Amino acid sequence: MKLPLALVFALTLPIIRAQVPHWGPCPEPAVQTAFSLKQFMGRWFEIAKLPAQFEKGRCIETNFTLTTSNSIRVVSSEILKGEVKKIEGIGVVEDIKNPAKLGISYSYVLPYSPYWILSTDYVNSALVYSCTDILRLFHVDFAWILGRTRTLPESTIEKAKEIFANNNIDVSRMIPSRQMGCEKML
Ligand SMILES: *[C@@H]1O[C@H](CO)[C@@H](O)[C@H](O)[C@H]1NC(C)=O
């Protein structure tokens with residue numbers, strides 16, 4: 001079946017929104033070897049992200065809790081317009097041979113989105129990538145640098161960007177997340 005390109009765009013535009021889709025299928029980055037889901041649990045702050053979403057909330061953080069040996073509870077929060085907003089989701093290891101490749105869903109009606117841990121030392125930083133193929137014609141992706149603290153040294157951020165780039169992930173448009181003035185709210 002060959003779909004006219006205009007129809008493909010009409011069907012997928014809501015997904016793309018402000019993002020620039022990249023042509024071709026998703027890259028296949030290497031993920032964290034011997035990934036320990038248990039060690040990854042707990043509180044992570046969003047340090048930087050792709051794509052740029054300037055209008056979104058600040059002080060974004062996620063708290064992961066193990067529910068079974070291969071499933072987790074995911075609670076993300078942010079401050080938006082002076083209010084703390086929380087969303088809860090579930091995450092699963094879809095293939096126990098690939099524990100660093102999680103799927104996360106924030107609603108029973110939504111499918112699991114990939115949530116791949118490309119690299120982490122569990123105690124300082126983590127690199128997360130999510131990519132969805134659209135008919136293998138193009139792909140839409142998200143990338144995050146997470147920290148156990150609200151800020152990370154610039155050298156850690158630069159190193160993280162290098163790892164993404166070495167895996168054919170374009171992080172030139174990655175923007176720092178705002179993690180200032182958070183403590184008085186949360
Ligand atoms: C993370 O979730 C666990 C389990 O629900 C809870 O006990 C803990 O206080 C939470 N931590 C933060 C920082 O929200």
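Me: Is N168 buried or exposed?

Reply: The model is a predicted one. N168 counts as exposed, because 12 C-beta neighbours lie inside 10 Å, and a residue with 12 or fewer is put in that class.

Me: Where does N168 lie, and what is its phi?

Reply: Most residues other than glycine have a negative phi. N168, which is not a glycine, has a positive phi of about 65°. This residue lies in the loop between α3 and β10 (175-176), just after the helix.

Me: Is C59 buried or exposed?

Reply: C59 counts as buried, because it has 21 C-beta neighbours inside 10 Å and the cut-off for that class is 20 or more.

Me: Which residues does a cis peptide bond join here?

Reply: Most peptide bonds are trans. In this model a cis bond joins L50 and P51, with omega at about 0°. P51 belongs to the loop between β2 (42-50) and β3 (58-68).

Me: How should I read the length of helix α3?

Reply: An α-helix has 3.6 residues a turn, so residues three or four places apart point the same way. Helix α3 covers residues 154-166, 13 residues in total. From first C-alpha to last it reaches 18 Å, close to the 18 Å expected at 1.5 Å a residue.

Me: How many residues does the largest nonpolar core have, and which elements contribute?

Reply: In soluble globular proteins, nonpolar side chains tend to be buried together. The largest nonpolar core here has 25 residues, and I117, L127, V128, A143 and L146 have the most contacts inside it. Two or more residues each come from β2, β6 (101-105), β7 (113-120), β8 (125-134), β9 (138-147) and α3.

Me: Which residues is A143 in contact with, leaving aside its neighbours within four places in sequence?

Reply: A143 is in contact with K49, L50, V128, Y129, F164, I169, V171 and M174. L50 in that list is also a partner in the cis peptide bond.

Me: What does the secondary structure of the protein come to, and how do its elements run?

Reply: There are three helices and 10 strands. From the N terminus on, the order is α-β-α-β-β-β-β-β-β-β-β-α-β.

Me: What do the totals for burial and contacts come to?

Reply: Of the 186 residues in the protein, 22% are buried. Among contacts with a separation of 6 or more, 51% are between residues 24 or more positions apart.

Technical notes. Residues are numbered from 1 along each chain as its sequence is written. This is a predicted model: local features need pLDDT of at least 70, side-chain atom pairs count only at pLDDT 80 or more; totals for chains, interfaces and linings use all residues. Helices (H or I, at least four residues) and strands (E, at least two) are DSSP runs, numbered from the N terminus. The expected span of a helix is 1.5 Å times one less than its number of residues. A nonpolar core is a set of buried Ala, Val, Leu, Ile, Met, Phe, Trp, Tyr and Cys residues joined through C-beta atoms within 7 Å. Two residues are in contact if their C-beta atoms, placed from the backbone, lie within 7 Å.
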